[in-house]
Amino acid sequence: MKLFLDTANVKEIQEAASLGLLDGVTTNPSLVAKEGRSFRDVLEEICRIVDGPVSAEVVAVEADAMVKEGRDLAKIHKNIVVKVPLIPEGLKATKRLSSEGIKVNVTLCFSPTQALLAAKAGAWCVSPFIGRLDDVSSDGMALIRQIIAIYKNYSYATYVLVASVRHPQHVVEAALAGGHICTMPYAVFQQLVKHPLTDVGLKKFLADWESRGQK
Ligand code: E4P
């Protein structure tokens, strides 16, 4: 499973990338707005740090305008994936951008029918938001399993990008379900490596080593 960071914060991306295991980045308008910097500057900087797909979302809501925005974003760097919302105009834009060879991440997916349409429109990936479904007492992970089953039935090439991840258990379940990509906040990425028994065990190994005067 590919691991992406869901942030527009360059420092977080640099830190995660230093592990050598970061496969890509997703951003959204809220995350970019939080940084208070030019969208283009942020994207260029992210693309210099990470050699993998970087999702950049359009803010237009009408297909022609989305296509124009998407083309401009795609020109910034070869790794840019244009993010388009899962609305009828977004599907039209996805079909057009995909036919031009521009990768599209269809975002704000909350149902299997939406995911089916995204695949039929030729999306490079679809982003089901599992945390936001969990927040409203729906089973976010069940949606992931449904989409994966549907895509398998028809051999759709669209990747399932598990989004709106809130904790490491979401990452575990995404991997068990066969999610292709999982994007997460930096705090969750950091938690993936942590286990208290690892720390206790290492401390004891080093203490035993030193107590016997080993060099
Ligand atoms: C995905 O690409 C979105 O940016 C993101 O995962 C949304 O997560 P949130 O529900 O925590 O805002």
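Which residues does Val104 touch, not counting residues up to four places away in sequence? Val104 touches Val81, Val82, Val84, Thr94, Leu97, Ser98, Ala123 and Trp124, where contact requires C-beta atoms, placed from the backbone, to lie within 7 Å.

This is a predicted model, in which local features need pLDDT of at least 70, side-chain atom pairs count only at pLDDT 80 or more, and totals for chains, interfaces and linings use all residues. Residues are numbered from 1 along each chain as its sequence is written. The average pLDDT of the protein is 97, and 100% of the residues score at least 70; pLDDT is the predictor's confidence in each residue, from 0 to 100.

The protein contains 11 helices and eight strands, which are DSSP runs numbered from the N terminus (helices: H or I, at least four residues; strands: E, at least two). The eight strands close into a barrel in the order 1-2-3-4-5-6-7-8, with parallel pairing; two strands pair if DSSP finds at least two bridges between them. Strand 2 (residues 24-26), for example, is joined to strand 3 (residues 54-57) by two bridges, and Val25 has Val54 as its bridge partner in strand 3.

Val104 also belongs to the largest nonpolar core, of 59 residues, and is among those that touch the most other members, as are Val82 and Ala123. Such a core is a set of buried Ala, Val, Leu, Ile, Met, Phe, Trp, Tyr and Cys residues joined through C-beta atoms within 7 Å; buried means that 20 or more other C-beta atoms lie within 10 Å of the residue's own, these atoms being placed from the backbone. Helix 4 (residues 63-76) gives the most to this core, with five residues.

Technical notes. Buried ≥ 20, exposed ≤ 12 C-beta atoms within 10 Å, placed from the backbone. Contact = placed C-beta atoms within 7 Å.
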